[in-house]
Amino acid sequence: MPSALTPFLESVHARYHRLDWVGSDPIEFVLKFKDPWDQEAVALVAAQLAYGNVKQIRRAIADWVERVERASGSPAEWVRSGVWTPAAHHALDGFVHRLHRGGEILELSRLQSRSWSTWGSIGAHLVSGLEPEDEDFGRALDALLDQWQHWYREGSGGNKPSRSLQHLLSAPAQGSCCKRWCMLIRWMGRRDDLDPGLWMAGSPLLSKLGDRSRGLAPGQLIMPLDTHVGRICRYLGLTRRKTLNWKAALEVTRSLKGVHPLDPVRYDFALARLGILDLCRNRYVEGICEKCGLFGPCRVGRPARRGRHRQAGRATVRQPS
Ligand code: SF4
């Protein structure tokens with residue numbers, strides 16, 4: 001049964017969930033590749049580098065792709081074998097994206113490489129811990145990241161991950177909203193022009209599981225909450241929480257299941273565009289909010305006091321006639 005929000009969210013979806021806007025999102029780099037292993041290799045790094053402004057993010061991902069192609073021929077070959085070569089550190093020498101340096105991104109791809117050796121892909125690793133009846137992938141992601149922590153310590157003589165590597169490995173169990181993991185898993189757990197759905201049942205990336213019926217379902221995805229999406233979800237009453245943590249992500253997702261039970265994160269890309277493209281100014285702006293698909297249910301984009309005043313004014317004028 002559609003909710004009162006359905007037509008508004010659908011209108012924003014129709015306008016922004018389109019390939020026309022792909023240049024403002026890291027999924028752009030994933031879609032440049034055709035081979036699913038290349039796509040997974042790029043997706044992990046692209047999602048984890050997705051913080052900061054669009055220009056910085058695009059520059060960092062393009063830099064990483066260029067370096068690994070130069071070193072190994074393709075992102076998949078980099079993950080399969082390139083990351084273990086003596087030249088691997090050299091390939092990412094001088095790579096910087098805000099908090100992160102090449103060494104941490106190399107560790108990330110090495111952990112991916114270990115998942116590939118054992119499961120064939122990160123997708124299969126994640127899905128190995130997911131039951132069809134699980135409401136969401138939270139428990140499976142905790143298990144995967146727990147394994148990665150274990151592998152990291154094993155490979156580094158018992159050392160803990162550095163603070164900035166830990167930032168890439170923060171798990172739902174630690175309370176983080178895991179925005180970048182949720183975004184990666186959204187790309188892989190639903191399928192349309194923008195989301196390749198590579199961890200859904202039947203994907204070659206899951207072949208090592210030996211059961212073609214296993215895979216992520218769109219209904220098990222969790223809304224990736226960044227500052228833009230988080231505040232717009234608050235404006236729509238999808239959560240009251242101010243802190244963007246795992247509980248808030250679950251609350252928003254459950255609210256969105258009231259709109260679209262089988263595909264609650266369907267609106268993520270479109271809602272994020274309102275912030276990323278600087279269309280939403282976080283307050284009512286005459287002429288902008290009226291054109292926004294969320295005008296009406298958005299609690300912030302209303303000319304509240306002026307509106308009441310104007311209505312009262314009109315009523316006063318109309319009364320005599
Ligand atoms: S504040 Fe205005 S532009 Fe922003 S979401 Fe609300 S209606 Fe849309």
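Residues are numbered from 1 along each chain as its sequence is written. Because the model is predicted, local features need pLDDT of at least 70 and side-chain atom pairs count only at pLDDT 80 or more, while totals for chains, interfaces and linings use all residues.

Helices are DSSP runs of H or I with at least four residues, strands are runs of E with at least two, and both are numbered from the N terminus. Helix α14 spans residues 268-276 and is mostly covered, with seven of its nine residues buried. Buried means that 20 or more other C-beta atoms lie within 10 Å of a residue's own, exposed means 12 or fewer, and partly exposed is in between, with C-beta atoms placed from the backbone. After α14 comes Asp278, with a positive phi near 60°.

Positive phi values turn up elsewhere too. Cys178, in the loop between α10 (163-168) and α11, has a phi near 50°. Is Cys178 buried or exposed? It counts as buried, because it has 27 C-beta neighbours inside 10 Å. Arg98 also has a phi near 50° and is found in the loop between β1 (96-97) and β2 (100-101). Arg98, however, is exposed, because 12 other C-beta atoms lie within 10 Å.

The loop between α10 and α11 also holds Ser170. Leaving aside neighbours within four places in sequence, Ser170 is in contact with Ser176 and Cys178. With 17 C-beta neighbours inside 10 Å, Ser170 counts as partly exposed.

Now for a pair of helices. Two packed helices are described by the angle between their axes and the distance between the axes. Helix α3 (residues 36-48) and helix α7 (residues 102-119) pack at about 140°, with axes 11 Å apart. That angle makes α3 oblique to α7, since angles under 35 degrees count as roughly parallel, over 145 as roughly antiparallel, 65 to 115 as roughly perpendicular and the rest as oblique. Axes are lines fitted to C-alpha atoms, for helices over the stretch in contact, and angles run from 0 to 180 degrees between N-to-C directions. From α3, the contact uses Ala41, Leu44, Val45 and Gln48, and from α7 it uses Ile105, Leu108, Ser109 and Gln112. These comprise five nonpolar, three polar and no charged residues.

Ser109 of α7 is also touched by Val83, along with Trp78, Ala88, Leu106, Arg110 and Ser113, not counting residues up to four places away in sequence. Val83 lies in the loop between α5 (75-80) and α6 (88-91) and is buried, with 26 other C-beta atoms within 10 Å.

Definitions and conventions:
Two residues are in contact if their C-beta atoms, placed from the backbone, lie within 7 Å. Ala, Val, Leu, Ile, Met, Phe, Trp, Tyr, Cys and Pro count as nonpolar, Asp, Glu, Lys and Arg as charged, and the others, Gly among them, as polar.
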